[in-house]
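Dear colleague,

Please find the structure below, handed over for your records. A summary of the findings follows it.

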Amino acid sequence: MNAQTSSAASSTAGAFLARFEGLREHLPGGRLPWLAKLRAEAAAFFAAAGLPNRRIEAWRYTDLAPIAQAGFSEALTLAAEAPALPPMRAPYRAVFVDGRFAENLSVMPEAYPCGSLAAGLDGTESRLGALAEDLPLVALNTMLFEDGLLLDLPAGAEGGVIEMLSVASHASRPIAFHPRHLIRLGDGASLTLIETSLGPAEATYLHNPVFEIAVGAGATLSHVRIQREGRAGFQLSTVHAAVQAGGTYDNFTLNAGARLVRNEIHASLLGPKAACHMNGAQLAGDGQHADTTTFLDHAAPDCASRQTYKTVLAGKSRGVFQGKILVRQAAQRTDGYQMNQALLLSEEAEIDAKPQLEIYADDVKCSHGATVGALDEAQLFYLRARGIPAEQARAMLVQAFLVEAVEGVTDPIAQAALAEATEGWWEREAA
Amino acid sequence: MAAVAETLETVQAANDGGYKWGFETDIAMEFAPKGLNEDIVRFISAKKNEPEWLLEWRLKAYAMWLKMEEPEWAAVKYPKIDYQDAYYYAAPSNKTVPKSLDEVDPELLRTYEKLGIPVQEQQRLQGIAVDMVFDSVSVATTFKDRLAKEGIIFCSISEAVQNHPELVKQYLGSVVPQGDNYFACLNSAVFTDGSFVFIPKGVRCPMELSTYFRINAKSTGQFERTLIIAEAGSHVSYLEGCTAPMRDENQMHAAVVELVAMDDATIKYSTVQNWYPGDAEGKGGIYNFVTKRGACRGARSKISWTQVETGSAITWKYPSCMLLGDDSVGEFYSVAITNNHQQADTGTKMWHVGKNTRSTIVSKGISAGQGQNTYRGLVKVSPKATGARNFTQCDSLLIGDQCGAHTVPYIENRCATAKVEHEATTSRIAEDQLFYCRSRGLTQEEAVGLIVNGFCREVLKELPMEFAVEAQKLLAISLEGSVG
């Protein structure tokens with residue numbers, strides 16, 4: 001990074017900080033002393049750290065300079081008219097417009113607490129920030145969040161399927177929003193959460209969500225994230241999940257939209273026999289940058305983790321996968337597996353991969369694999385010899401490449417949302 | 001059964017005792033004043049009677065080094081090094097340069113004999129020519145005349161500076177520039193000796209070339225510089241070995257090795273690194289900060305690195321290949337063992353620039369005791385490297401629950417037709433494997449030795465024969481006391 005962009009980055013950090021100074025009294029929970037303190041601490045941390053730059057090892061492949069140059073502000077007023085929403089798929093839907101909960105557009109379950117974080121901040125002192133680590137983007141979120149989903153599923157409850165919809169409104173100037181989602185599953189509870197993020201094609205905006213997810217003993221959360229932000233938008237998301245004994249956290253993330261996306265997932269397996277599955281697909285076309293960074297912390301014995309990530313790159317695009325598995329000394333008999341594969345469809349695409357194992361326990365079985373390559377000419381030839389046109393054959397092979405990552409999504413509603421998001425991708429990008 | 005018998009013998013030999021190279025040779029030495037400054041750089045250059053350009057080159061490196069910061073990204077921990085608290089030049093004080101082996105101080109020759117290095121030309125074993133480097137200077141090189149007949153130059157780099165200045169000037173720093181990294185930069189300023197090899201066009205070197213490095217004096221750093229040039233169509237196999245006395249203090253070894261392979265040339269570079277690793281409590285041992293890089297400049301050239309890293313308290317080493325010529329080939333085969341408190345952060349860089357370049361990486365890491373072992377590697381494919389191919393395999397073996405094994409591979413691909421594959425596994429020695437061996441009458445330690453040798457076989461088979469035997473013994477010794 002040259003001096004110019006780095007000063008631009010720090011001035012952006014300065015702009016966010018200045019907005020915090022101006023807004024701090026008016027942000028939700030401004031009168032709660034503990035929250036005011038939390039926000040002030042986050043601001044101090046963010047002021048010291050600044051926006052991440054490429055000299056930081058975890059950011060060596062993703063440059064936030066385009067964000068630094070955009071000059072974002074908050075959406076101070078709600079969009080005049082409600083944005084067009086896709087039809088409801090699940091029985092419940094929580095809608096967020098520019099990071100704020102839109103009650104009138106949402107249908108919420110009544111059997112358990114689930115709603116706006118801004119409205120329920122009072123009881124969250126022990127939870128807010130408890131799972132998130134000290135990371136610059138998390139601090140930015142803590143400093144400026146206005147709302148988010150607050151969900152508390154009691155022990156043993158069956159939460160069903162909830163859709164989460166995050167929509168960016170048409171705004172005339174670049175807006176930034178930083179929703180904070182607190183999700184807790186009591187022991188033995190189960191829930192499927194399908195989150196879709198959307199935005200207008202031409203608007204420049206920053207969506208910087210942070211999830212703090214607590215999965216109780218024996219509980220199961222299936223978290224499907226479908227990122228379809230507008231092609232001029234930015235998404236920097238951080239998920240922190242803590243899984244207790246026997247619990248399972250499944251994360252599937254599709255990155256299809258946005259000019260630049262960073263999808264960072266931190267999962268900690270804290271009790272014996274906890275499990276985590278992280279799967280994902282990244283489809284990046286001309287001008288897009290897609291980054292998935294995962295961190296799996298095996299802190300207890302007898303846990304298992306599985307990761308499968310597939311990246312398909314077309315046009316002048318860049319894909320990044322960084323995945324670290326940490327096996328602590330206590331985590332004996334860990335079974336960890338990670339695979340990431342990338343398909344380069346264009347001469348101008350670039351893929352950077354950094355799988356990483358850090359292991360301090362001896363009785364473990366850990367492996368990772370990575371492959372990078374083009375479509376197999378022999379397979380193409382095979383299909384064409386059977387009368388399938390070249391473009392269609394390519395599309396088939398791309399789809400086949402993705403199957404391994406996508407097949408982990410078993411919920412039919414999620415499958416439908418996923419199919420809709422990926423349909424015709426190849427045809428659009430190849431054109 | 002041959003393998004079992006061999007291993008039994010190996011393990012038997014291992015039981016003779018720990019680090020048997022830990023003796024110290026008592027010999028009159030000449031030192032530069034302690035510390036590091038511009039005068040020391042001048043002193044070294046003057047001692048070696050170097051031409052003006054080389055002194056300038058050193059001083060430029062020193063000026064750069066002063067502005068650089070010690071790298072902290074490697075997964076190794078050590079107290080801050082005081083660069084002023086060491087001698088940067090130490091040499092046996094023999095006024096005249098020995099013309100032949102007969103003139104070399106017999107005490108020195110005895111040292112190398114004790115280390116098992118064939119110093120007498122008549123005792124040639126499989127025909128190995130040896131350059132012996134003792135602290136800062138090369139003390140002898142065998143078979144020079146025999147090699148000269150083929151037009152091969154094999155001598156110490158100090159001699160090369162005197163006798164072949166044009167070659168040294170052309171190639172020195174052309175693969176690892178002065179400012180490449182902190183330790184290479186320090187080396188550029190204060191390097192003292194090392195080997196120089198030049199293989200002329202079309203010549204296949206008739207014997208293995210070898211350098212044996214020995215740190216002997218207290219509080220010294222060893223900064224050797226090796227330069228190997230293989231002209232078009234030539235072939236050379238080079239071996240490197242190293243040991244040091246057992247001491248409580250940490251000594252530094254910061255070497256730079258540069259390889260240049262032209263069209264159709266092949267360089268095979270093998271290392272058995274056995275610097276003193278420190279004692280069981282982690283006291284003492286060598287800090288091994290080494291920059292090794294080969295440039296495959298010519299089409300169809302090939303550079304192959306094989307390393308067995310068993311010694312050193314800290315190993316920081318990434319032998320790399322720049323695959324510039326079309327169809328050139330880079331290989332990296334590595335075994336790294338860390339026992340007790342040893343730390344190793346080692347791996348390779350394969351940089352694909354030419355078309356249809358290929359690289360293979362096979363890394364085997366073994367951690368025991370409280371050892372920390374990291375594989376760190378980069379495979380980079382440039383947009384023009386169409387048809388490039390890489391395969392990487394990293395396997396780690398953990399023995400005991402106090403050690404760590406880490407894998408950090410980087411893949412950066414900007415070429416759609418390139419194919420890059422990486423796989424890594426981590427495991428421990430399976431109970432059923434141990435049980436199988438034990439039920440056939442092997443002791444626990446023998447069984448582990450056997451299994452570890454099997455685990456490393458893919459790499460060991462790349463070593464020249466006589467080195468492979470030594471390496472197998474070393475593996476067993478390094479793991480001593482790690483099971484039970």
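Which residues of β23(B) are buried on one side, and which on the other? On one side they are B:Gly404, B:His406, B:Val408, B:Tyr410 and B:Glu412, and on the other B:Ala405, B:Thr407, B:Pro409, B:Ile411 and B:Asn413.

The model is predicted: local features need pLDDT of at least 70 and side-chain atom pairs count only at pLDDT 80 or more, while totals for chains, interfaces and linings use all residues. Residues are numbered from 1 along each chain as its sequence is written, and chains are lettered from A and ligands numbered from 1 in the order in which they are written.

Strand β23 spans residues 404-413 of chain B, and ten of its ten residues are buried. Strands (E, at least two residues) and helices (H or I, at least four) are DSSP runs, numbered from the N terminus.

β23(B) has pairings with strands of both chains; two strands pair if DSSP finds at least two bridges between them. Strand β20 of chain A (residues 350-359) runs antiparallel to β23(B), with six bridges, and A:Ile359 stands opposite B:Ala405. Strand β21 of chain B (residues 372-381) runs parallel to β23(B), with ten bridges; there, B:Val379 has B:Ile411 as its bridge partner.

As for chain A overall, it has eight helices and 21 strands, and 55% of its 431 residues count as buried. Its C-alpha atoms fill a box of roughly 70 × 50 × 45 Å along the principal axes.

Technical notes: Buried ≥ 20, exposed ≤ 12 C-beta atoms within 10 Å, placed from the backbone.
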